[in-house]
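Subject: Structure handover

Hello,

Here is the structure I said I would pass on. My notes follow below it.

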Amino acid sequence: MSKSVEFSELAKHNSVDDLWIAVNGKVYDVTKFAQEHPGGPDVIYEYGGSDASSTYNEAHGPSLITKALDAKFHVGSIDPKTSPKKPEIGTKELDGEKRKSEERPSLDSIINLDDFERAATKSLSEKAIAFIGSGSNDNFTRDANRSALNNIWLRPRVMKNVKTVSTATTLFGAKLELPVYISPTGGARTGGAEGELTLARGAAAGGIIHCFATPSSYPYDEILDATPQQALFQLYVNKDRAQSEAAIRQMDASGKVKAILVTVDTPIVSKREADERVKSNEVIAIGGVKTTVTGADKKGGGLARQSSGFIDPSVDWSIIPWLRGLTSLPVLVKGIQTAADARIAHSMGCDGIVLSNHGGRAADHAPPAILILLELQKHCPEVLSSMEVLVDGGFRRGADIVKAICLGASAVGLGRSFLFSLSYGQQGVERIIESKFLWIFDMTLVKKLIILPKVLRDEIETAMRLCGMTDLMRDAHPRFINTNRVDQLIPEEEHPYARKIVRDKSRL
Ligand code: HEM
Ligand SMILES: Cc1cc2nc3c(=O)[nH]c(=O)nc-3n(C[C@H](O)[C@H](O)[C@H](O)COP(=O)(O)O)c2cc1C
């Protein structure tokens, strides 16, 4: 039988050298784990000697801690009679129970992806919004992802008989109703519902594919169980290679994972100021163990910032043959931002690449994703014709997706929009992808069939029809696209005039 732990006993273990926390009624010794926590040690220290359930539950599925933490660190169960009536630690912002769901608009009033974001700001905590929404530094690249797409025009052709249209495609053997996938987002439970589990189920119901991330909120086996047939897996190469190896073997054995996307654009996590500011405020509001994390890398203590601990910054191209030796699954490199790196990935025998600046969360001022696609068109079109080229970053409209497919992408990923849709659970996720038919009773109790506003399928099909395309993957062509307004932004391979200045002696 599990040892019973009084709350007063738990409270004694509140130092960095002797740290216990309670999560969902169980007590854990996290002295060693705190330093290894992928979300950073600060958050664990804050809850030392106390109940961390509400913060833990906001970011993680219930079984993650029981599965990920070795049994020898499971101390026992909290004696409920000894718990303080009200949690002593935690703020309104942090408390998942106190999300402002009552202010949220009804799902049938949501008609585009920006509506999902607006609705989420009404229902999610400030911390969750900051974590999801933030880009790096000034959010310049995050916002430029969208503005670049907005500066690309369509060139509609008419009289093409667009009565029926098809948007279907395949990707590494996976069948997709739309050339769209859910981009990997660590800690998806921050967006609501059951995070990755809900995304997996929603993707399947909508006929697309979900790519789940190394830092998922739920154990991989549970995400795979929630995945009926097909998924993609995003890999951050761990400093402890054995952990990456175990994850890849698990994906291989699942029979459901169709490809591995190894993310390389964030060898370290960038400076996310919105995230850091919220976190700083919370530290002031919260009691608990004082954090001991010091030094330059703390930079305000944002949650995302500190989650890089496990990612190996020494990764280079030799990781591709290493991965190849471990799995026969297709390997894609996620985070390609230049034609030069696209060529290397091609020459290393990768099966694909993801043109991505991490939704503006990697280098601020990195190029907008759609412009990287144009750079490949300009400098290495052979890459586009010989491997799968996925793209993500700022895609919010069906027409954006049509533009990328016309410029040679195989599929388009969306990150934040799906996280925001989680405020509405699986129905929200499905609403992004597919239309839903519902029977309702009107005021006079007459049964009526209504079509809930659909988003991406409707927008993609509408853009196709208005441009004169009937089969997206067959008809898509740059002739439907006018890129004049952004063409001057596509760089030459070498800088046109600036030269590296070599100084042969000090000027001091
Ligand atoms: C064995 C147990 C745990 C594991 C395996 C784990 C794992 C993770 C992972 C993978 C991330 C994602 C990092 C990223 O998004 O890049 C994360 C973030 C985070 N974790 Fe944990 N964690 C555990 C326990 C805890 C506990 C006990 C707490 C509460 C005190 C906690 C609170 C958080 C928070 C607040 C984040 C920040 C990002 C977010 O909101 O998703 N975690 N953790
Ligand atoms: C909250 C959040 C977490 C993310 N986590 C990861 C991750 O763990 N691994 C990864 O490769 N990309 C991650 N990304 C980047 C996404 O995969 C994707 O590149 C980006 O969100 C696309 O831009 P969009 O959000 O504008 O659609 C994350 C993005 C967000 C917003």
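Strand β3 (residues 18-23) is mostly covered, with five of its six residues buried. Here a residue is buried if 20 or more other C-beta atoms lie within 10 Å of its own, exposed if 12 or fewer do, and partly exposed in between, the C-beta atoms being placed from the backbone. Helices (H or I, at least four residues) and strands (E, at least two) are DSSP runs numbered from the N terminus.

Two points on conventions. The model is predicted, so local features need pLDDT of at least 70 and side-chain atom pairs count only at pLDDT 80 or more, while totals for chains, interfaces and linings use all residues. Residues are numbered from 1 along each chain as its sequence is written, and chains are lettered from A and ligands numbered from 1 in the order in which they are written.

Back to β3 and its partners. Two strands pair if DSSP finds at least two bridges between them. Strand β2 (residues 14-15) pairs with β3 in the antiparallel sense over two bridges, and Asn-14 stands opposite Leu-19. These strands form a hairpin with two residues between them. β3 also pairs with strand β4 (residues 26-29), again antiparallel, over four bridges; Trp-20 has Asp-29 as its bridge partner there. The hairpin of β3 and β4 has two residues between the strands, and Asn-24 takes a positive phi near 50° in it. With strand β5 (residues 50-51), β3 pairs in the parallel sense over two bridges, where Ala-22 stands opposite Asp-51.

The barrel is built from eight strands, which close in the order β10-β11-β12-β13-β14-β15-β16-β17 with parallel pairing. Neighbouring strands of this sheet are turned by 30° against each other on average, direction ignored (axes are lines fitted to C-alpha atoms, for helices over the stretch in contact, and angles run from 0 to 180 degrees between N-to-C directions). Strands β15 (residues 352-355) and β16 (residues 388-392) run parallel and are joined by four bridges, with Val-354 opposite Leu-390.

On packing, the largest nonpolar core has 107 residues, and Val-180, Ile-260 and Val-391 are among those with the most contacts inside it. Helix α16 (residues 369-379) gives the largest share of this core, seven residues. A second, separate core of 20 residues includes Leu-10, Val-23, Val-30 and Val-75. A nonpolar core is a set of buried Ala, Val, Leu, Ile, Met, Phe, Trp, Tyr and Cys residues joined through C-beta atoms within 7 Å.

Ligand 2 is surrounded by 24 residues, the closest being Gly-186, Ala-213, Thr-263, Gly-359 and Gly-415. The elements giving two or more residues to this shell are α7 (126-133) and α19 (416-421). A residue is near a molecule or strand if its C-beta atom, placed from the backbone, lies within 6 Å of it.

Gly-255 sits in the loop between α11 (241-254) and β13 (257-263). Gly-255 is exposed because 10 other C-beta atoms lie within 10 Å. Its C-alpha atom is separated by 9.6 Å from that of Ala-231, 24 residues apart along the chain.

Overall, the protein chain has 23 helices and 20 strands, and 47% of its 508 residues count as buried.

Regards
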